[in-house]
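Dear colleague,

I am handing over the structure below for your records and review. A summary of the findings follows it.

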Amino acid sequence: MIEIKKLNKKFGKLEVLSDVNLTFKKGECIALIGPNGCGKTTLIKSILGMVIPTKGDVLFNQKSILKEYLYREQIGYMPQIGRYPDYMTVGQIIEMIKKIRNSNQTLDEDLLKAFDLEKIFDKQMRTLSGGTTQKVSATLAFLFNPEVLILDEPTAGLDPLASEILKDKIIKEKEKGKLILITSHLLSELDDMITQIIFMQDGKVHFHKTIADLLESTNEQKISKAIAKILKSQSNE
Amino acid sequence: MNRIIRIIFLDILKNKIVLAYTIILGILSWSSFGLEDNSAKGLLTILNIILFTVPLVSILFATIYLYNSSEFIELLLSQPIKRKKIWLSLFLGLSLSMVLAFFIGAGIPLLVYAPDSVGIMMLVVGCLISLVFVALAFLSSILTRDKSKGIGIAIMSWLYFALLFDGIVLFLLFQFSDYPIEKAMVAVTALSPIDLARIQILLQLDASAMMGYTGAIFKDFFGTSLGLLISFLLLCLWVVVPFFISLIKFKNKDL
């Protein structure tokens, strides 16, 4: 569904992504992991067209996304740090996005209800805590039943209850056959959600494996231990 | 597109600054026209408003508004909307509100007290100047990510066009007064939107007699309908070119 071809991105002289080649298919739930500053968010933003690649291309349903915008109708994006106009209320933001999308599909208001956002509809965005802002971002990402969900650190800042709600929702959407892309540092949280894992380092894709492969090759039961084992064996070399 | 323009327009109207700007323009215009039976002094007041206040308010307000809506722009970019559409909607929303403020504040008293060619000319030029400086604001806010730098660039460009440019022109006039540079001076005025506006209005006011020989050359050029047309086109170029450059930059910007 999404194909990334020889993607390069430089910010000035700093090379953030170098020669990234990846393919994502429907029904996969992919974890994108790696140390801070390894280019995860830049990769996600290039898929969204918010960052324009220096070289290379991203194909969405076999079509290049460069200079395109309609493909974004099929993507729900939850940013790492949601930035919203300060003086708009939660209700206004959701109304505005509804108007902009202007979709006649039925809306997916599961999260709206689960997070009880209706209670804070008249609160201004600047008065919200980081976690509550994340709840709004998550709700917006799932609201339009998109085919692809891109979640940048979805559970960071959420309380245990809310992050459990979100995880359940992600698993539910995955079972519907949607493509889900998650970046996270909390490996233990990913165990029961993901089918594939991508490890990035210094702007390069280190490996891209299915979970079964990963666990088998390292003889481990948990993803976090398997990753730790791989990293250790590398630093020994 | 209309949906986004409406959202932006309503957001600007909610901001009390544009309302205050309209009221201040209104007070200045109505009171200066009301002072004397003759409308000449009122016209001169409005001329100064057009040459100084309108550019300053337009460029500063638009620049600050653009920086403050960076979150909004980011939010829109993750939605299925063309980049061009976002930038164009912002421009149309901002220009519409600045032009409306000028029209209500200064335009209505102009039409009431000076409903002749001079009044209409001032109205049109004032609206165009608002557009020019909104466009320049788009350019200065796309040049740098740093808000204080961007506002600095905006203030500098206002200073340059409103004050410095005139000084430079005067300096050139005195330095090269032995040479026949009058015709070249006509071309030089095209380099500043405020000077274009000033000359267009002064010629309508018949004050060109006070400008000596250069004034006569100006009258020769700008007084004809062709000259008038060219100077209007130049003012329009001052809107289109800065905005177009900023649009190209915005299309390739990483957010």
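Residues 2-227 of chain A are 32% helix and 27% strand, and the end C-alpha atoms of this span lie 25 Å apart. An unreviewed UniProt entry gives these residues, 2-227 of chain A, the feature "domain: ABC transporter". Please bear in mind that the model is predicted.

Within chain A, strand β3 (residues 29-33) deserves attention. Five of its five residues are buried, so β3(A) is largely enclosed by the rest of the structure. In a regular strand, side chains alternate between the two faces of the sheet. In β3(A), Cys29(A), Ala31(A) and Ile33(A) point one way, while Ile30(A) and Leu32(A) point the other way. The strand has parallel partners. Four bridges join β3(A) to strand β8 (residues 179-183) of chain A, and the two run parallel; here Leu32(A) has Thr183(A) as its bridge partner. Four bridges also join β3(A) to strand β9 (residues 196-201) of chain A, again in parallel, and in β9(A) the residue opposite Ile30(A) is Gln196(A).

Two residues of chain A have backbone angles that should be noted. Most residues other than glycine have a negative phi. Asp19(A), however, has a positive phi, near 50 degrees. Asp19(A) belongs to strand β2 (residues 14-24) of chain A. It has 14 other C-beta atoms within 10 Å and is therefore partly exposed, since a residue counts as buried at 20 or more and as exposed at 12 or fewer. For Glu153(A), phi is likewise positive and near 50 degrees. Glu153(A) sits in the loop between β7 (148-152) and α5 (160-175) of chain A, and with 19 C-beta neighbours inside 10 Å it too counts as partly exposed.

How many residues of each chain are in contact with the other? The answer is 17 residues of chain A and 17 residues of chain B. On the side of chain A that touches chain B, helix α2 (residues 90-101) of chain A supplies the largest share, five residues. That side divides into twelve nonpolar and five charged residues, with no polar ones.

The largest nonpolar core holds 128 residues, and those touching the most other members are Leu181(A), Ile50(B), Val132(B) and Val134(B). Helix α6 (residues 117-143) of chain B gives the largest share of this core, 15 residues. Beyond its neighbours within four places in sequence, Val132(B) is in contact with Pro193(B), Leu235(B), Trp238(B) and Val239(B).

Pro193(B) is among the buried residues of α9(B), as are Ile194(B), Asp195(B) and Gln200(B). Ten of the twelve residues of α9(B) are buried, so this helix is largely enclosed by the rest of the structure. At 1.5 Å a residue, helix α9 (residues 193-204) of chain B should span 16 Å, and its end C-alpha atoms are 17 Å apart, which agrees.

Leu235(B), Trp238(B) and Val239(B) are among the buried residues of α11(B), together with Ser231(B), Pro242(B), Phe243(B) and Ser246(B). An α-helix has 3.6 residues a turn, so residues three or four places apart point the same way. The 27 residues of helix α11 (residues 225-251) of chain B should span 39 Å at 1.5 Å a residue; the end C-alpha atoms are 38 Å apart, which agrees.

Yours sincerely

Conventions:
Residues are numbered from 1 along each chain as its sequence is written. Chains are lettered from A and ligands numbered from 1 in the order in which they are written. This is a predicted model: local features need pLDDT of at least 70, side-chain atom pairs count only at pLDDT 80 or more; totals for chains, interfaces and linings use all residues. UniProt positions are given in the numbering used here, feature names are shortened, and annotations may be inferred rather than shown by experiment. A nonpolar core is a set of buried Ala, Val, Leu, Ile, Met, Phe, Trp, Tyr and Cys residues joined through C-beta atoms within 7 Å. Two residues are in contact if their C-beta atoms, placed from the backbone, lie within 7 Å. The expected span of a helix is 1.5 Å times one less than its number of residues. Two strands pair if DSSP finds at least two bridges between them. Ala, Val, Leu, Ile, Met, Phe, Trp, Tyr, Cys and Pro count as nonpolar, Asp, Glu, Lys and Arg as charged, and the others, Gly among them, as polar.
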